[in-house]
Amino acid sequence: MEISQLRYFLKVAEWKNFTRAAEDLLVSQPALSRSIGKLEEELGQPVFERQSRSIVLTEAGRLLQSRAEQILSLIEDTKSEITDDGRTGRIRIGAIPTIAPYFLPGLLQAFAATSPESTLTVQEEVTEKLLQRVAQGEVDVALLALPVSMQHIEIEALFDEELLLAMPAGHPLATKRRITIADVRPYPFILLDEAHCLSDNIVSFCRQKSFHPVSVEKTSQLATVQELVALGHGVSMVPQMARRLDQDGRRIYSSLHAPKPQRTIAMAWNPYRFQSRLVERFKEVTRKYRVANAA
């Protein structure tokens, strides 16, 4: 049984699909299938049950998944401890799409100034996938929005960020000095799709006000939401960090009257994995950076 076989097996178990797992691993699907086949041959029983549209773990597969995660974690942590000099090394950072392009560039620059010999890699994923990568040790530190519903993950809240009402220029509410949620009720909403937690934040806030936003369009990119707003397709709620970078005069942003909608940005990591001195330094730089740049 080879380490690469265990890595391949875990990736297939994560995606529940050979094609997607192969793409993630940057290997061909036939090579991945052969590796899993050899693993099953060595174990004398299947680890996956092939169904029409997906695959599921067998009982043997569930046991192997648990053991494989422990084995690979031990290998990675041992390597990290031996090579941890506090200066060099690689840190794997993860962030959700509504944070990555707005908060990460400045943060990574700030960290590079303190640790120029280190290497940072970035993975952008929706919350569910990002948490899985943290749990499996594929991401050292993740930046996401609360709430988070996964056990055995350490969460540290960083700051609260206001969600601003985004409207096309010339919208009827554009000149209103005080906008309440009641004022927004008649207008259609443009939201991110269900995989993004920002939509949950928006819908949850509206429901607390006994209002369910009518979504006319959904997309997977916040930039597309902003463009559709500019084209007059509807309104939306956009994080303050995204608004800061928006210089397009076709859109305007306004705060809703109290209580203002907001989300909590947090940092997450696996406390059961070895935390190198570089990772600890990155977390400390992140704490200081949020103080200087929080809305």
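Where is the place of Lys16? Lys16 sits in the loop between H1 and helix H2 (18–25).

## Basis

This is a predicted model: local features need pLDDT of at least 70, side-chain atom pairs count only at pLDDT 80 or more, and totals for chains, interfaces and linings use all residues. Residues are numbered from 1 along each chain as its sequence is written, and side-chain values use heavy atoms, without hydrogens and water.

Helices (H or I, at least four residues) and strands (E, at least two) are DSSP runs, numbered from the N terminus.

Most residues other than glycine have a negative phi, and most peptide bonds are trans. Lys16 has a positive phi, near 55°. Its relative accessible area is 46%, so Lys16 is partly exposed (buried is under 20% relative accessible area, exposed over 50%, partly exposed in between; 1.4 Å probe, protein chains only).

Leu26 also has a positive phi, near 60°. Leu26 lies in the loop between H2 and helix H3 (29–43). Leu26 counts as exposed because its relative accessibility is 75%. The peptide bond from Leu146 to Pro147 is cis, with omega near 5°. Pro147 belongs to the loop between strand E5 (141–145) and strand E6 (154–168).

## Strand E7 and its crossover

In a regular strand the side chains alternate between the two faces of the sheet. Strand E7 (residues 189–192) is covered on both faces. Phe189 and Leu191 are buried on one side, Ile190 and Leu192 on the other.

E7 runs parallel to strand E8 (residues 215–219), and 4 bridges join them (strands pair if DSSP finds at least two bridges between them). Ile190 stands opposite Glu217 in E8. With helix H8 (residues 197–208), E7 and E8 make a right-handed β-α-β unit. Right-handed means that, with the strands pointing away from the viewer, the path from the first strand over the helix to the second runs clockwise.

## A buried lysine

Lys129 is part of helix H6 (residues 127–135). Its relative accessibility is 16%, so Lys129 counts as buried. Beyond its neighbours within four places in sequence, Lys129 is in contact with Glu14 and Trp15 (contact: heavy atoms within 4.5 Å).

## Ile3 in helix H1

Ile3 is found in helix H1 (residues 3–15). Ile3 is partly exposed, because its relative accessible area is 33%.
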